[in-house]
Amino acid sequence: MGKKQEPHRLPSGVGFLLAQLGTHAAATFASSIEDLELTPPQAGLLWMLARKPGRSQRELADDLGMPPSRFVPFADKLEERGLIERRRNPDDRRLHALHLTEQGSEVLGKLGAAARRSEDVLCRALADDEREQLAALLVRIASDQGLSPGVHPGYKSVRT
């Protein structure tokens, strides 16, 4: 019988393939959350606040690699929509701690569902064990490169 033909392979390095897939994955995810009227960076901030609520604006800006002058108006948009709230830090009244609101938690649930659907489409060519292996390898590469877990390097260039 005939030998299964492999797709035509162009000479591509790992870096190119990661960039190609990363750009595609980012666009697919952005499209999947359009109806929530959120950008991927806004979604990322909601996830960060869900994992560790009550962090100061300064701490969040530092963790994201975002200048504080850009972080404040970035957070303002989410506060205006009622998704996050600022509370005075009881230990230092100069600081504001950020928290998800009830509405923010509801949107976060919808974000999670959209992210799972987007990732399922992205990884549909892989078996479950291959998907786990790929994720483990990518975590190892990201760690070796000094990237912060869960923080997209694109926050440095986010505009309000």
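Modeller: Of the contacts in the protein chain with a separation of 6 or more, 57% join residues 24 or more positions apart; contact here means heavy atoms within 4.5 Å. The model is predicted, so local features need pLDDT of at least 70 and side-chain atom pairs count only at pLDDT 80 or more, whereas totals for chains, interfaces and linings use all residues. Residues are numbered from 1 along each chain as its sequence is written, and side-chain values use heavy atoms, with hydrogens and water left out.

The protein chain contains six helices and three strands, taken as DSSP runs numbered from the N terminus (helices: H or I, at least four residues; strands: E, at least two). Their sequence from the N terminus is α-α-β-α-α-β-β-α-α.

The three strands make an open sheet with the order β1-β3-β2 and antiparallel pairing. The edges are taken by β1 (55-56) and β2 (84-88); each has a single partner strand, so one side of each lacks a neighbour in the sheet. Strands count as paired if DSSP finds at least two bridges between them. The antiparallel pair β1 and β3 has two bridges, while five bridges connect β2 with β3, also antiparallel. Leu98 in β3 is opposite Arg55, and Arg86 likewise stands opposite Leu98. Further along, Glu85 has His99 of β3 as its bridge partner.

β3 is also mostly covered, with four of its five residues buried; buried denotes under 20% relative accessible area, exposed over 50%, and partly exposed the range in between (1.4 Å probe, protein chains only). Across the whole protein chain of 160 residues, 28% are buried.

Thr101 lies in the loop that connects β3 to α5. With 15% relative accessibility, Thr101 is buried. Apart from residues up to four places away in sequence, Thr101 touches Gly82, Leu83, Ile84 and Glu85. The side chain of Thr101 also comes to 3.0 Å from the backbone nitrogen of Gly104.

α2 lies across β1, β2 and β3, and runs at about 100° to β3; the axes are lines fitted to C-alpha atoms, for helices over the stretch in contact, with angles from 0 to 180 degrees between N-to-C directions.

The largest nonpolar core has 26 residues, and those with the most contacts inside it are Ile33, Leu38, Leu46, Phe71, Ile84 and Leu111. At least two core residues come from each of α2 (40-51), α3 (57-64), α4 (68-80), β3 (96-100) and α5 (102-122). The greatest contribution is that of α2, with five residues. A nonpolar core is a set of buried Ala, Val, Leu, Ile, Met, Phe, Trp, Tyr and Cys residues joined through side-chain atoms within 4.5 Å. Leu111 is in contact with Phe29, Ile33, Leu36, Leu38, Ala43, Leu46 and Trp47, its neighbours within four places in sequence being set aside.

Glu37 is exposed, at a relative accessible area of 62%. Although not a glycine, Glu37 has a positive phi of about 55°.

Technical notes:
Polar contact = N/O pair within 3.5 Å; in protein donor to acceptor, adjacent residues only side chain to side chain.
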